[in-house]
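Here is a briefing on a ligand shell and a pair of packed helices. Start with the helices, then turn to the ligand.

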Amino acid sequence: MSYFEEQLNADQSLRELRQLIESIFGWMEKNRFQSQRTAERFEHVRTSLDDKHRNVLFLAEFSRGKSELINATIFGDQGTRLLPSSPGRTTRCTTVLQYEQGALPSIKLLPTRASEGRESMPVSMLLKDETAWHSTLFSLSDKAQAAQAFKQISEAELVSSDIARSLGFVDDIEDEGLVDVINGQIPIPKWRHAIINYPHSLLKQGLRIIDTPGLNALGVEPELTLQALESAHAIVFVLSADTGVTRSELELWRDYVREGDKENIIIVLNKVDLLWDELKSRVEIDQDVKKQILDVSRILGIPKEQIFPVSAQKAMLGRARDDQKLIKASGIQRYEQALADTINFTNQRRIVSRAVDELSPTLGAIRNVLKRRINDTGAYIEELQGIHENQISVAQVSLEKVKRDVRKHNRARKRITALKLQLREGYTRFVRRLDLVYLDRMIASYRYEISNQLTTPGLQREMNDFHVSAIERFKKALSYMIRLEKKIGHTFKEVEKTLGVDGLTVRKIDPEIYIDSLKKFQASHNEHSTGLGMIMTEQHILRDRYHGAVMSRIRNLYKQTRDDVDRWCRTVLVPLELELKDRANEIKRRHASLERVYNKDSKLQDEISDLEAQLQQYRQRLTTMEHFLRRLSECGELNTRYPRNVINLHPPAATSKSA
Ligand SMILES: Nc1nc2c(ncn2[C@@H]2O[C@H](COP(=O)(O)OP(=O)(O)O)[C@@H](O)[C@H]2O)c(=O)[nH]1
Ligand SMILES: [Mg+2]
């Protein structure tokens with residue numbers, strides 16, 4: 001097992017969460033608090049616990065050593081550099097390294113040049129279309145063959161500058177200068193996207209590595225990058241010790257990283273071996289490295305503990321030769337430890353927040369039920385204790401009270417039936433507003449309008465209209481749910497008063513989450529289209545692709561919102577249902593008990609003793625439930641990521657020369 005794999009698997013935190021969830025589930029079953037609805041909640045949490053997917057995104061300008069870093073971590077032990085890594089633009093398209101069960105070792109490539117229709121589609125729309133991809137199988141036993149297959153991600157093809165421009169490779173035209181321009185032609189990446197299926201043990205465990213080509217190429221496929229950023233458990237931002245932070249890196253940082261959550265970012269200061277000046281002492285070298293780290297920390301506004309000095313090249317070499325000193329000196333292990341910690345941390349955070357969100361309302365409702373049972377039983381015991389003197393008449397009064405309880409209970413049940421009906425109606429209206437067929441029609445019509453726009457302002461106006469009407473639809477649709485949420489809250493309050501209970505809580509629905517996402521799409525679109533400026537119309541393929549991507553993101557948000565709201569509808573009444581179900585049982589029990597007393601079937605004292613035993617049991621259950629709730633919220637208070645960075649880094653005493 002590689003060092004990184006060991007670190008990744010060292011995490012125990014989720015095992016505890018799983019145990020906790022299983023014991024809560026078992027306890028609920030045993031104590032008859034389980035229902036189909038609550039079982040669904042648990043299943044949902046279990047699915048997220050079983051989901052082994054972990055995404056790591058490598059972002060950097062070209063030639064910073066991303067591919068070499070990936071090679072060292074994933075293929076270091078095999079001693080082969082499988083991902084091509086060389087000076088200049090080597091990784092020319094976003095490359096995903098993953099393992100899909102049952103699929104043969106292969107590399108799938110999506111051509112940049114295709115029929116016009118395909119060129120203007122975003123990658124997400126082509127994922128399922130096998131005919132759009134070029135696939136190469138390779139054999140695992142033949143490393144050279146595999147490396148040869150991987151080399152395809154570096155392939156370029158020559159096109160006229162007009163075509164290069166229409167595909168968005170304008171900056172490349174300027175960057176590559178005349179050297180690459182042969183007969184007025186310009187090299188552009190041959191492939192838009194590569195998916196490598198490789199049965200490596202880490203990838204088999206669900207790790208997905210996303211290697212990117214650098215700023216310009218990212219701008220051409222913004223969809224891939226945005227999606228990767230959103231799903232990433234860790235983002236590795238690679239800088240090179242010989243260049244420091246350059247302008248285009250600042251741009252990359254600003255456009256793709258800065259806005260997001262910083263806790264999942266690791267910065268690698270690669271190529272530190274270039275600072276291993278043989279005329280300098282170890283102390284001096286360490287000082288140089290430290291200075292660079294502080295500079296990066298200051299410029300990017302990231303704590304220095306998140307910046308790792310590494311030499312990917314020496315790490316690769318050290319692992320290929322099994323040279324422990326060199327491996328240690330390369331700094332790779334500290335970075336891998338931090339990477340594993342970050343991945344586990346993000347994963348844990350996501351799962352725990354889902355578990356807390358899914359289970360807390362139900363557990364809270366059970367706690368309330370138990371509290372109420374304790375109060376009621378206590379009161380009933382007192383009542384029975386008062387019966388001694390005038391047994392029958394008092395019992396009769398109590399029986400009357402039970403009958404009243406039954407009537408109140410039935411009224412509350414009617415409220416629930418009415419609420420269920422309203423929920424169903426509200427949901428139907430909501431879905432009608434967020435109808436996918438309608439949305440697709442709307443998308444098609446905007447796409448048509450957009451493709452007919454010849455000026456940048458015209459384009460922006462069309463897209464803006466599209467965003468505005470999508471946001472309006474969302475607001476309208478969610479307003480039905482908000483109204484329902486209020487109604488349910490109101491009914492809960494009333495029921496609390498009638499039945500003398502408290503703590504019935506309505507799980508909130510937050511429209512802002514979705515509206516914010518839409519607004520973010522809109523803002524990022526505005527930024528992008530002004531960024532592309534007047535050339536937008538010229539780059540029509542890129543433009544269509546980009547708009548397609550924005551629209552498919554909106555479509556996904558529609559789906560996600562519908563799923564969330566559907567789940568909300570199915571669970572929002574759980575606290576009240578639990579309460580009523582339990583109450584019905586309690587009333588039956590009370591009735592039977594009173595009848596026994598009334599008919600002198602059992603001795604009053606025996607009845608009281610039974611109740612006291614029951615009370616004791618309820619108290620124990622309440623303690624258990626409090627314990628579960630506490631443990632669950634403790635799981636939610638995660639430790640912050642442990643910074644394990646140590647800066648001292650210098651060449652290994654003996655091997656520095658040979659390296
Ligand atoms: N000296 C040195 N060179 C490196 C290191 N890592 C990568 N390189 C070289 O930098 C160049 C670009 O590496 P590559 O992995 O292709 O960079 P990418 O474009 O970011 O994926 C290649 O020539 C590598 O050999 C390192 O740690 N030290
Ligand atoms: Mg690369």
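H4 and H15 pack at about 30°, and their axes lie 8 Å apart. Axes are lines fitted to C-alpha atoms over the stretch in contact, and angles run from 0 to 180 degrees between N-to-C directions. The two helices are therefore roughly parallel, a term for angles under 35 degrees. This is a predicted model: local features need pLDDT of at least 70, side-chain atom pairs count only at pLDDT 80 or more, and totals for chains, interfaces and linings use all residues. Residues are numbered from 1 along each chain as its sequence is written, while chains are lettered from A and ligands numbered from 1 in the order written.

- H4 contributes Glu-68, Leu-69, Asn-71 and Ala-72 to the contact, and H15 contributes Ala-312, Gln-313, Ala-315, Met-316 and Arg-319; contact means C-beta atoms, placed from the backbone, within 7 Å.

**Ligand 1**
- The shell around ligand 1 has 20 residues, and the closest are Gly-65, Lys-66, Ser-67, Ser-85 and Gln-313; the C-beta atom of a shell residue, placed from the backbone, lies within 6 Å of the ligand.
- H4 (66–75) and H15 (312–321) each supply at least two shell residues.
- H4 gives the largest share, three residues.

**Whole chain**
- The protein chain has 24 helices and 11 strands, which are DSSP runs (helices H or I, at least four residues; strands E, at least two) numbered from the N terminus.
- Its C-alpha trace spans about 110 × 65 × 45 Å along the principal axes.

Notes
Angles under 35 degrees count as roughly parallel, over 145 as roughly antiparallel, 65 to 115 as roughly perpendicular and the rest as oblique. Two residues are in contact if their C-beta atoms, placed from the backbone, lie within 7 Å.
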